[in-house]
Amino acid sequence: MTSNLHRVEEDEIDIREIFSTIYRYKMMIILFVLLAGIISSYIAYFKPNVYQASATVEVGIERYGYAARQDMLSMAMSGDAANAETEIEIIRSRFLSQKAAEEVDVTHRYYTTRRFKEVELYKASPFQVGMLRGYGISFDFYPVDEKSYRLVVEEALDENGAEWSYDEVHEYGKEVSTEHFHLNIVRTKEATESKYRFVVYDPKESGLIARGGVSVQQLSKYSNILQISYEDNVALRAQEFADALARAYIRQNIENKTQEAERKLEFIEEQLKYITENLKSSALKLEEFKRSSQTVELSAKAQKTIEQISDYESQLSVIGIQEELLNTLYGQIKTGQGLENISVANLSLSDPSLSAMIKKLQDSIIEKKLLREDYTEMYPEVVKLTKMIAELKKGITSTIKNLMQSTKEKRELLEHSISKYRATLEQLPADERMFGQLQRKFVVNEKIYSYLLEKRSETEMIKAATVSNNRVIDHALYPVAPIKPKRKLIVLVGLILGMIVGVAVAFMREFLDDRIKEEEEITKRTSLPLLGNIPHIKEGKAGEIKVFSSPKSGASEAFRNLRTNLQFMAYEKESLMIATTSTISGEGKTTVSINLGAIMSMAGKKTIILNLDMRKPTLHERFGIEPGKGLSSLLAGRAMLKDVIQHTQYENLDVITSGPIPPNPSELIQGQMMGKVLEKLKEVYDVIILDTPPIGLVTDARTLMNYADISLYVFRANVSKKVFIKHLEKITELHEVPGLGLVFNDMQSEAGYGYGYGYGYGYGYYEEEQK
């Protein structure tokens with residue numbers, strides 16, 4: 001139970017020390033807080049605004065239409081189900097940012113200063129700059145009048161690292177060409193500011209410049225809605241670029257889809273040119289034969305045979321085209337060249353999986369190319385696409401081989417049927433047989449021509465009806481308020497950091513400061529009794545003693561308390577001898593001796609104070625008397641005791657000064673004469689106070705403390721160090737000092753403290769007397 005109470009008491013003391021340290025350094029902490037507040041306010045004010053505008057797009061919307069009714073295999077192989085992560089990276093690519101930057105100007109930056117901070121004007125600039133050379137240079141622009149301006153470059157480095165500057169006046173609309181830049185400035189409206197600044201960046205880097213502000217996120221894990229956001233220092237540009245990027249994304253999707261139709265149209269046009277020539281040639285030959293042979297029509301049997309052969313040959317021609325396309329497609333897949341440009345739309349296939357796989361392959365290759373503009377081959381999404389492309393190639397080559405085999409079998413069957421009908425045709429007369437051959441060629445070419453015209457019309461309709469798989473749901477709105485910086489938060493964080501730094505510095509100073517500041521720092525380091533706490537005593541005039549000049553002051557009450565405690569310690573003594581000492585000089589032992597002697601005399605005690613600090617005597621100065629003969633003279637045998645005792649102006653208070661400074665004060669103090677003098681004084685005085693030298697500097701005090709009934713060891717606040725307490729503890733361990741007690745001197749008045757032995761009084765109980 002006792003240990004628990006002790007632990008609680010220690011915790012309370014620690015908490016009290018923490019708050020005491022903070023209170024002691026409160027002005028410094030407040031200064032840090034104010035300084036941090038000023039700095040954070042400066043940063044918050046001059047930090048440029050950042051606006052964010054967002055547009056939302058839906059990815060792959062066609063999968064909810066016809067594709068949703070297809071079989072699961074086709075749907076898995078098609079490219080309609082968009083990969084959200086891949087689409088996000090495509091939108092963030094430098095390629096799309098470059099496309100969007102073609103609509104929104106991100107390379108021309110115009111600035112001016114308003115309310116001490118620089119703001120960008122964007123479309124509100126009173127002039128426009130066209131530049132051919134000198135990208136990235138910061139120019140200062142000063143309007144002179146309606147026709148001219150001043151152009152300044154203060155300091156810049158050329159390609160070789162040489163420093164250059166520029167300061168010239170030019171007319172609006174005139175070309176300005178130097179070795180460092182080439183530009184033309186046109187005035188658009190009246191300038192309202194005296195100075196502007198502009199920078200023009202290379203248009204080739206516009207995608208890279210704009211890409212830094214692009215962010216894309218999926219609104220939910222299972223959603224196909226993407227939010228495209230753009231951050232910029234100009235609200236209008238943020239809105240415009242977010243919309244432009246969404247449009248560029250939609251256009252890119254449409255362009256990819258129309259490429260297939262365009263390639264198909266090119267192929268059909270080439271075939272139509274060839275078939276048209278053949279059709280004209282076969283028609284002319286047929287007409288020429290009719291005129292020369294007088295043959296108008298064929299017999300029914302010959303007509304039927306020729307029609308059948310023509311039908312089979314038409315089918316054989318289509319199969320020949322398909323075989324050629326399949327061989328070309330197979331070669332492209334195997335070599336990996338021109339995969340983005342291949343098309344299966346020209347093939348009339350019963351298996352839709354090949355078209356779906358090739359579409360998926362092309363989409364994957366395009367996605368990989370876009371990602372490779374910004375990422376390496378080791379990027380996870382690139383690795384995933386590489387594996388997918390390899391698997392798709394294997395599937396496509398296997399399917400093509402199966403189709404080629406099927407087409408070959410169909411061709412062989414048609415060739416066999418044609419051979420059989422040709423044998424029947426050979427049995428006809430020569431003229432009729434020749435007429436049938438010419439008519440057959442004409443019919444075959446006519447059917448192929450009609451087939452190609454039909455396919456061209458279908459392809460043109462498909463191209464015209466092509467729409468993107470994606471669509472814009474919400475266009476970007478004009479951002480009214482900036483998203484950054486959070487100025488209130490910056491100032492608040494600054495104040496908190498200032499307080500934290502201030503408190504940290506306070507505790508660091510407290511940790512590095514070894515001086516004693518409070519009573520608790522003494523009591524928790526030693527078991528010796530603390531007999532008195534003396535508040536700060538202001539320096540008075542020479543000969544002025546605090547307890548006499550201000551008997552009702554807090555200091556006087558402190559010495560009364562010290563007198564009471566001393567009387568309790570030596571209540572049986574008729575004559576009380578008290579020795580005062582300290583570790584070093586300047587801790588106030590002489591001040592304590594004088595005021596203690598004064599308070600004793602005020603109680604009717606006949607008191608004498610001996611100045612035994614012969615190396616640095618100050619007692620005579622405090623009483624305003626001449627040093628004359630003193631203890632050094634008495635102990636050296638050059639004076640009598642009655643000759644060295646000096647009566648002060650105060651009743652019951654006498655002093656013996658140190659006298660002339662001797663060469664051997666230690667020998668005089670340790671001599672036999674010292675004891676005899678003290679014994680003689682005991683016969684006359686009730687209280688004898690020995691003002692001894694500092695014990696930490698010389699050994700005289702230890703000798704004199706053996707004569708004393710009570711020894712007072714003085715510590716001074718903010719002067720004495722904590723290590724002095726350890727030094728005192730070592731002394732008490734080695735030498736038994738009778739009646740040793742402590743006095744804490746020069747305490748600050750705002751601190752709370754109590755007297756030794758549990759007498760707790762707050763100093764200032766009596767008002768300080770007004771002088």
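**View 1. Surroundings of Leu610 in a nonpolar core of the predicted model.** Leaving aside residues up to four places away in sequence, Leu610 touches Leu619, Leu631, Ile656, Leu678, Leu681, Ile688, Ile689, Leu690 and Asp691, a contact being defined by heavy atoms within 4.5 Å. Leu610 is also one of the residues with the most contacts inside the largest nonpolar core, which has 44 residues, and Ile656, Leu681, Leu690 and Phe715 are listed with it. Another core, of 32 residues, lies apart from this one and includes Val106, Val234, Leu245 and Tyr249. A nonpolar core is here a set of buried Ala, Val, Leu, Ile, Met, Phe, Trp, Tyr and Cys residues joined through side-chain atoms within 4.5 Å. Buried means under 20% relative accessible area, exposed means over 50%, and partly exposed lies in between, with a 1.4 Å probe and protein chains only. This is a predicted model, in which local features need pLDDT of at least 70 and side-chain atom pairs count only at pLDDT 80 or more, whereas totals for chains, interfaces and linings use all residues. Residues are numbered from 1 along each chain as its sequence is written, and side-chain values use heavy atoms, with hydrogens and water left out.

**View 2. The protein chain as a whole, for orientation.** The protein chain has 23 helices and 21 strands, taken as DSSP runs numbered from the N terminus (H or I with at least four residues for helices, E with at least two for strands). Of its 771 residues, 46% are buried, and among contacts between residues at least 6 apart in sequence, 78% join residues at least 24 apart. The accessible surface of the chain comes to about 41400 Å², with 54% of it belonging to carbon and sulfur atoms; the areas come from the Shrake-Rupley method with a 1.4 Å probe, and for residues only the protein chains shown count as cover.

View 3. The structure holds 25 salt bridges, each defined as a side-chain nitrogen of Lys or Arg within 4 Å of a carboxyl oxygen of Asp or Glu. In the one between Lys517 and Glu510, the closest N and O atoms are 3.7 Å apart; Lys517 counts as buried at 7% relative accessibility, and Glu510 is buried as well, with a relative accessible area of 12%. Arg515 forms a salt bridge with Asp513, where the closest N and O atoms are 2.9 Å apart. Here Arg515 is partly exposed, at a relative accessible area of 32%, while Asp513 is buried at 12%.

View 4. The side chains of Arg560 and Glu557 meet in a salt bridge, with an N to O distance of 3.0 Å. The two residues are three apart in helix α15 (residues 554-569), so about one helical turn separates them. An α-helix has 3.6 residues a turn, so residues three or four places apart point the same way. Arg560 is partly exposed, with a relative accessible area of 22%, and Glu557 is partly exposed with 22%. Elsewhere, salt bridges that share partners join Arg24, Glu510, Asp513, Arg515, Lys517 and Glu518 into one network. Among the buried residues of α15 are Ala555, Ala558, Phe559, Leu562 and Leu566, and the elements that cover the buried residues of this helix include β14 (530-535), α14 (546-549), β15 (576-582), α16 (589-602), β20 (710-716) and β21 (740-747). At 1.5 Å a residue, the 16 residues of α15 should span 22 Å, which agrees with the 23 Å between its end C-alpha atoms; the expected span is 1.5 Å times one less than the number of residues.

**View 5. Backbone features in two loops.** A cis peptide bond, with omega of about -5 degrees, joins Lys484 and Pro485, and Pro485 lies in the loop between β13 (471-474) and α12 (487-512). In the loop between β2 (108-114) and β3 (117-120) is Arg115, which has a positive phi of about 55 degrees although it is not a glycine and counts as exposed at 71% relative accessibility. Phe116 lies in the loop between β2 and β3; its phi is near 70 degrees, a positive value in a residue other than glycine, and Phe116 is exposed with a relative accessible area of 75%.

View 6. Tyr149 has His170 in β7 as its bridge partner. Five residues lie between the two strands of this hairpin, and Gly161 in the turn has a positive phi of about 85 degrees.

Methods
Two strands pair if DSSP finds at least two bridges between them.
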